[in-house]
Amino acid sequence: MYATNYHRPATIEEAVSLLTGNDEAKALSGGQTLLPTMRQRLAAPSDLVDLRGLPGMTGVSAGDGTLTVGAAVAHADVAGNADVLRLIPALAGLAGRIGDPAVRHMGTIGGSLANNDPAADYPAAALALGASIVTNSREIDAGDFFQGMFTTALEDGEIITAVRFPVPEKAAYAKFPNPASRYAMVGVFVARTSAGARVAVTGAGADGVFRHSAMETALDADWSPEALAGVATPADGLLSDIHGSAAYRAHLVGVMARRAVAAAG
Amino acid sequence: MGQLKLSVNGRAVSRDVPGETLLVDLLREHLRLTGTHVGCDTGQCGACVVHVDGRAVKACNVLAHAVAGSQVTTIEGLADGGGLHPMQQAFNENHGLQCGFCTPGMIMSGVDMVQRYKAAGRDLDEPAIRHELEGNICRCTGYENIVKSIQSAAARM
Ligand SMILES: Cc1cc2nc3c(=O)[nH]c(=O)nc-3n(C[C@H](O)[C@H](O)[C@H](O)COP(=O)(O)OP(=O)(O)OC[C@H]3O[C@@H](n4cnc5c(N)ncnc54)[C@H](O)[C@@H]3O)c2cc1C
Ligand code: FES
Ligand code: FES
């Protein structure tokens, strides 16, 4: 690993000022993606600005049809939180199946969304639930936030401070994990919201997470696994790699979506 | 980089280490606690699992400075006084190791899962143990006895 300076700011403002005006500085949350990347020398930030434990970025709060999760909340703490379990159990279940226990003790929701790995789990939940990504300077709708593989709407130096999820009528996530990495080969998050059905697919898209509008239309007409039986998922634009072809992933999208709707009830 | 202060196995430690120092390197290279192993470079094998403030983490995937002020427990700090920890004892009795390389991580993960399940009042049955061991890889593939060891320790912890 290349040399780097470690900073532990006391406030969000201090963190933002350490990050802005320094191209070589990077935010650090759980480090579960950034540190392996640095060890492979694929990233060499001159400065790391640790966001964990910053006031305003921790804790979960429920209110007014929404659930707000601090960006620095670890996956294990989302999985075990009483409000998350009560209001959006599908989100708790998703968090509890990310990676393994040690990864879940460190990795954070903010880090996962900022990273926007095409096979990560949280992007599917954020997009299907229509979450707002709250940053130090604005709120970004999940639909505008994800801009392709490892790319987001975040500006240089901008940090995610919280994620606000509207509470759906029902929701579920079905994941087919890659047996070696535990990341999603395909993961489908379905939600029935006051604005209609929403379906988000991760693991499959060459441009990262995407909404499946044909499935949404079918579920708006009839919320049932059977309603998805005739809905096609074109293989164009899907990932193809040693783990599975685009056609295989397209098939898995249908299977996972039907399982998710069945689980949501 | 300023002086890093933390507690390791109940002992106060103060070291001047560079910002990029990984927790596993602080333990192995600076403190000579070589029971914590390094089996991969990708955060996947779990040979390096230690406890930070009572929670299992992969020491190869955490910066030393990020755990300043914390209580770190390694495999060397598990046994208190003379006797082995019940988890260590159970690995011994059930032949829960072959070459032993993955064992420190298996034991630290085992203790962590038993404590979490006990605190939550959940039953740590065999499928749960296998699921919880997802982040610990045994190159000798001796999982059968590893699972048995954790099961037997859980009954005694
Ligand atoms: C063995 C293993 C298995 C895994 N399995 C899965 C899996 O099954 N599913 C899955 O989804 N993920 C998986 N992960 C990834 C894991 O969920 C990471 O925790 C997550 O992707 C990144 O979160 P982090 O807090 O660790 O971020 P970091 O690694 O600290 O940061 C990641 C990136 O986000 C930036 N960043 C961090 N926080 C913020 C913020 N608040 N605002 C703006 N930018 C920020 C950083 O600068 C960096 O570029 C796995 C990781 C490992 C090591
Ligand atoms: S050495 Fe840490 S996970 Fe392999
Ligand atoms: S006992 Fe040899 S790696 Fe597990």
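Biologist: What makes the approach of A:Ala27 to ligand 1 a polar contact?

Modeller: In this predicted model, a polar backbone atom of A:Ala27 is 2.6 Å from an oxygen atom of ligand 1. The cut-off for a pair of N or O atoms is 3.5 Å, so the pair counts as a polar contact.

Biologist: Which backbone N or O atom lies 3.4 Å from an oxygen atom of ligand 1, and which lies 2.8 Å away?

Modeller: The 3.4 Å value belongs to A:Ser112 and the 2.8 Å value to A:Gln32. A:Ser112 is within the 3.5 Å limit and therefore counts. The protein covers 95% of the 960 Å² of accessible area that ligand 1 has on its own.

Biologist: Where does ligand 1 lie, and what surrounds ligand 1?

Modeller: Ligand 1 lies between chains A and B. Its shell holds 33 residues, with A:Arg182 and A:Ala27 among the closest. By class, the shell has 13 nonpolar, 15 polar and 5 charged residues.

Biologist: Why is the pairing of A:Arg182 with B:Glu134 called a salt bridge?

Modeller: The closest N and O atoms of B:Glu134 and A:Arg182 are 3.1 Å apart. The rule asks for a side-chain nitrogen of Lys or Arg within 4 Å of a carboxyl oxygen of Asp or Glu, so this pair qualifies. Across the interface of chain A and chain B, the rule finds 3 salt bridges.

Biologist: How much area do chain A and chain B bury between them?

Modeller: About 2,300 Å², with 52% of it on carbon and sulfur atoms. Of the area that chain A buries against chain B, 29% comes from A:Tyr6, A:Arg39 and A:His105, more than from any other three residues.

Definitions and conventions: Residues numbered from 1 in each chain as written. Chains lettered and ligands numbered in written order. Predicted model: local features only at pLDDT ≥ 70, side-chain atom pairs only at ≥ 80, totals over all residues. Heavy atoms only, no water. Buried area = accessible area lost by both parts, 1.4 Å probe. Near = heavy atom within 4 Å. Polar contact = N/O pair within 3.5 Å; in protein donor to acceptor, adjacent residues only side chain to side chain. Areas by Shrake-Rupley, 256 points an atom, 1.4 Å probe, with all protein chains shown as cover. Nonpolar A, V, L, I, M, F, W, Y, C, P; charged D, E, K, R; others polar.
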